[in-house]
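Visitor: I am new to this structure. Please show me how to read it, one feature at a time.

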Amino acid sequence: MASSRNEDDVDDKGENAEGKHPEGNLLNFEPETPVESMLVPTDNFDSFEQEAPPDPTALQGDDNLAECQKITRNSSETVAEDPEKNGTSRSMSELSLVSDDSSEPQHVDEEVSNNAEWRSQEKHVFILSSAGKPIYSRHGSEDKLVTLFGVMQALVSFIGDDGDTVRSIHTHGTLFVFLIKGPIILACVCKTRESVSQITVQLNYVYSQIVSVLTLEQLTRIYEQRRNYDLRRLLAGAERLVDHLLIALETQPALLLGAVQCLPLTSTTRDAITNTIVSCCNKIKNLVFAILVGGNQLVTLIRMRKFILHPADLHLILNLVNSSESFKAAESWTPICLPKFNSRGFLHAHVSYLAEDCQACLLLLTVDPDLFFPLSEAKQKIVEKLRRASLLQSINAALAHPGTPVSQLGVPEARHFLYKCKATAQFWGPVPAPPYQTSEGAKRLLDQYRVLHHRLHAPSQPLKLLYLQDHAETMLGWITTGFELYVAFEPLVTKANAIGAVNKILRWIKKDENGLFITNAPTF
Amino acid sequence: MSGADFKVVLLGSEDVGKTSLMKRYIQDKFQCRPHQNTIGAAFASKTVSTRGRQFVLGIWDTAGSERYYAMSQLYYRDAKAAIVCFDLTERVTFDRAKQWITELRNHEENCKIYLCGTKKDVVDDGIKASAVAHERVLQYSKGIGAVYMETSSKTGLNVAELFQLIADDCVLPSSNERNESIKLHSSKKSSSCCLAS
């Protein structure tokens, strides 16, 4: 698919073949920019990617790594991607050959990794400690992959010894990406079309998930005390959170965009829900966030005046809710660390579904560990008031709504699109219609969006507008100061029609903006 | 506002069936695998009648995973009763139960302890043998002044009985507590105290 791709106009000015600036034909529908946002705006991919290099503060705990990091700082070239750069890199590329060809049969006999099914997986994610102890494997039992973990640890420490950091290894058809986070090494081996920076973002998410369960404080302390600690003891039961997160990363555009989707509600309904929660909670001290989610979408988010939530933290919260059936059974009181908010400590979350007959999940996050009963009482009041005002029905109706297909928008050329409002870190897209309604179709579409996203946000040459045509569809990506738009068209669409369709989409979004997005940032 | 008259906490290793025990008692339901481990702790309450009066038992079902041990005190603090669970077919869970009891004795002197051997049905059906001799557990529980019960959340064996016994015992005026008249207020008061602190 990639080879047959015909790239029409791909330059940073976004000029097409006729030398005409297509943006001139596009109407500008910048989203309403709120004075304040409840979510940290994620401008672009870069703000995520800043995390790609190892975090120096996180490294301080480990002597070896701290030393390694000192050298790294002195070394002028830390990216070992170009084999011609220096000796270290050359030795690395030799290693990559070894790991690619000869070492696997040697190490892997009689192990899971010899299994055809295991080998055919498109994407593997491994987590290990800097001492080489297995922590997690996406496929197969990590116990049976010990030797493979040994190889990964050897690779990382061999390159680390020379004061360099291994970030990625590129072989024919397979990409190896490493992320070193203090005492933890994360590695991804994939045969997908994702880029190094996209995979790095994903590994960062996985790392955040672990921090969210343990806090950075605890993670650092454990390895300071015992370098060869088996972290699986502490993570018991949390593997499913990582599994679930990796599936979400593979299947949901939200994490690619660094944005959340809101449950479509009229702004008066949403405001009424928000005000109900505020009225029941504003007397409670130390309540930091109240978050109502339903069907993996945000219903409302109320925050303490000083604080805003990062979308990456909200994704971890959604991941926790989506992967824990047990919250449906009883009121829970659970510690959760939100790494972007504060990686050092836990917030305490009162988690409960609104009612048997309303499957929206309310999370009340506080710093006070003794607040369970006041929060439990507040939640009862919230539910009573919402029920009296028939707002539970409104939420149920919105949750039961199958979603708007693109055909209802009157844009026949467009098959699907994603619109991200940058200032509020929210996005919206129609429900996938044929040919994307199947899981394979949806996967292919997301792959296309990934390619588009990567090209538009390429650190070396970011683009504003990109128009890609291949045999299956024509993709258009457009980034302005206010929004990002990614559209999949019929393969044979003309440029004029595509531009016309983009204008129609933007007009439609603008019209429904208040229902599709949360444009205010309510506080207690 | 404490939400309940008596606080009861469920403790024990992971996968011994604390959540199942609570589910059987509260909802009278049993769900076979797959069960997800509890995250943090879950709270549920149930009204029981004992000695002709109604009381609300507030039950905390804690997570068994090791990472929550550090904060378990948060959950068992001020508990009137603790059900320390172990899996009859897993020896290590009994050893862990003993550790829990030691910890409780050190931190919550007034908390009554109910040692609970779970998954009795597995032993009765001969699927797995009991890993700890019944007499030894009895002897141990007598030694520490705890009640010992064997339950099955699958069949419901002894589950309601266990909680009823706890309710009966909690209402009994004991030397450590003052008296019934305080009960209604005391639990409210004591917990609002701790909330303010």
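Predicted model: local features only at pLDDT ≥ 70, side-chain atom pairs only at ≥ 80, totals over all residues.

Visitor: How do I read the pairing of strands?

Guide: Strands of a sheet pair through backbone hydrogen bonds, either parallel or antiparallel. Now apply that to β17(A).

Visitor: In which sense does β17(A) pair with strand β13 of chain A?

Guide: They run antiparallel, joined by 7 bridges. β13(A) covers residues 414-421. To find one of the bridges, look for A:H416, whose partner in β17(A) is A:A488.

Visitor: And what joins β16(A) to β17(A)?

Guide: A hairpin does, through 3 residues. β16(A), residues 474-479, pairs with β17(A) in the antiparallel sense over 6 bridges. There, A:I479 has A:E484 as its bridge partner in β17(A).

Visitor: What does the UniProt record list around here?

Guide: An unreviewed UniProt entry places "domain: FUZ/MON1/HPS1 third Longin" at residues 415-513 of chain A. In the model, that span is 37% helix and 28% strand. Its end C-alpha atoms lie 20 Å apart.

Visitor: Which residues of chain A does UniProt list for the "first Longin" domain?

Guide: The unreviewed entry lists residues 123-245 of chain A for "domain: FUZ/MON1/HPS1 first Longin". Over those residues the chain is 46% helix and 24% strand. The end C-alpha atoms are 14 Å apart.

Visitor: How many helices and strands does chain A have?

Guide: Chain A has 21 helices and 17 strands. Next, see how far along the chain its contacts reach. Take the contacts in chain A with a separation of 6 or more: 68% of them come from residues 24 or more positions apart.

Visitor: Now for the two chains. How do I read the place where they touch?

Guide: The size of an interface is often given as the accessible area lost when the parts come together. Here we can count residues instead. The contact takes 22 residues from chain B and 23 residues from chain A.

Visitor: Which element gives the most to the side of chain B that touches chain A?

Guide: β2(B) does, with 4 residues. β2 (41-50) and α7 (180-196) of chain B each supply at least two residues of that side. By class, the side of chain B that touches chain A has 10 nonpolar, 8 polar and 4 charged residues.

Visitor: With which strand of chain A does β2(B) pair?

Guide: With β10(A), residues 331-336, in the antiparallel sense over 3 bridges. Find A:W333 and go across to B:A41, its bridge partner in β2(B).

Visitor: What sheet do these strands belong to?

Guide: An open sheet of 11 strands, with mixed pairing. The order is β9(A)-β8(A)-β12(A)-β11(A)-β10(A)-β2(B)-β3(B)-β1(B)-β4(B)-β5(B)-β6(B). The edge strands are β9 (297-303) of chain A and β6 (147-150) of chain B, each pairing on one side only. The twist averages 25° from one strand to the next.

Visitor: Do β5 and β6 of chain B pair in the parallel or the antiparallel sense?

Guide: Parallel, over 4 bridges, with β5(B) at residues 112-118. B:Y114 has B:V147 as its bridge partner in β6(B).

Technical notes: Residues numbered from 1 in each chain as written. Chains lettered and ligands numbered in written order. UniProt positions renumbered as here; feature names shortened; annotations may be inferred. Contact = placed C-beta atoms within 7 Å. Nonpolar A, V, L, I, M, F, W, Y, C, P; charged D, E, K, R; others polar. Pairing = 2+ DSSP bridges. Axes fitted to C-alpha atoms, helices over the stretch in contact; angles between N-to-C directions.
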